Amino acid sequence: LSDIHFGKKTDNFNLDICKQRLEEVVHATIGEIQRDSKEYNVDEIIVALLGDIIENYSMHVLESAKGCEFGNAKQIYEATINLFKIVILPLNQLGIKMRVVCVTGNHDRDGTDRTYHNPGEENFTHIIYNTLKNFSEFAGLKNIEFIIPKEPWTVIKIYGNTVLYEHYDNCKNADRKGLEALMTKRANQLCMTIDYMRGGHFHEPTSFRNGRMQINGCLTGNDSFASVLGFNAEASQTLNTSANSKRKYKMYRSFNILLE
């Protein structure tokens, strides 16, 4: 899940539509899990929250305010309560182990300028993600782990493959060259080989190298900003399935859940 933009307002997007589309993503995901469970042992669900959870009323001062349905305080509240109620609870009730990977995005920042000082702690997502973790603890949810880094990225293992999660606002271009440059930079920085990379930011689902590098879609669909710049993004979110096979790269299937 990325680029949800709680609080964004366009002719075709508001809070009610946002919640409906989140429900559709979860409904489609549960349907896939139920179908797969007839033939396979589904042993884990990974919910990747990849940033731009809120639209941000004050990010670009008046320019941002024009595109918002309500202010930052309500955006944070609606994001927290609805991610828990619509996403976390229904998936956890399946009784399958869950990992929730939580990285921040550029729209999640507190202020007009981005921070380079632990953005995972300084941005508004620190409130949202840690409250989701607390809600889960208070509700007594079992078999759920939250991964909330200080940095704007984190790395986990899936069947031995190393997967990097990052919003991609640090990626210069939404093409293969741009993604490969970011993957190489993080691999050198972390002194490890990265097998897969997952992010959002660019709002249009894109995949390179058999899904090793993916850009997720957005929940909002097209807006005036995108139209002025010549982009066209249909609302979607990406669902990946990995299989514990003998292959080096474990991703088995990937498709976009179309939401418009």
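These notebook entries record what I looked up on pockets, cavities and salt bridges.

**Entry 1: ground rules.** I worked from a predicted model, in which local features need pLDDT of at least 70 and side-chain atom pairs count only at pLDDT 80 or more, while totals for chains, interfaces and linings use all residues. Residues are numbered from 1 along each chain as its sequence is written, and side-chain values use heavy atoms, with hydrogens and water left out.

**Entry 2: the largest pocket.** I took a pocket as an open set of points on a 1 Å grid over the protein atoms alone, with protein on both sides within 12 Å along at least five of seven lines; a cavity is a set where a 1.4 Å probe fits but cannot get out, and lining residues have an atom within 4 Å of a point. Grid points are joined across faces, edges and corners, and a volume is the space filled by probe spheres set on the points. I noted a volume of about 1,100 Å³ for the largest pocket. Its lining has 44 residues, and Ile46, Leu239, Asn240, Thr241 and Ser242 lie nearest the centre. I sorted the lining into 23 nonpolar, 12 polar and nine charged residues (nonpolar: Ala, Val, Leu, Ile, Met, Phe, Trp, Tyr, Cys and Pro; charged: Asp, Glu, Lys and Arg; polar: the others, Gly among them).

**Entry 3: the cavity.** I searched the whole structure and found one cavity of 30 Å³ or more. The largest cavity holds about 100 Å³ of space. Arg114 and Asp169 are among the residues that line the cavity, as are Thr104 and Pro152. The lining divides into two nonpolar, six polar and three charged residues.

**Entry 4: salt bridges.** I counted 10 salt bridges in the structure (a side-chain nitrogen of Lys or Arg within 4 Å of a carboxyl oxygen of Asp or Glu). Arg114 and Asp169 form one of them, with the closest N and O atoms 3.6 Å apart. Arg114 lies in the loop between β2 and α4, and Asp169 in the loop between β5 and α6, so this pair ties together parts 55 residues apart in sequence (helices, H or I of at least four residues, and strands, E of at least two, are DSSP runs numbered from the N terminus).

**Entry 5: Glu32 and Arg253.** I found these side chains in a salt bridge at 3.6 Å, N to O. Glu32 lies in helix α1 and Arg253 in strand β10, so the pair joins parts that are 221 residues apart in sequence. Glu32 is buried at 16% relative accessibility, and Arg253 is partly exposed at 25% (buried is under 20% relative accessible area, exposed over 50%, partly exposed in between, with a 1.4 Å probe and protein chains only). Glu32, Arg35, Asp36 and Arg253 are linked in a salt-bridge network.
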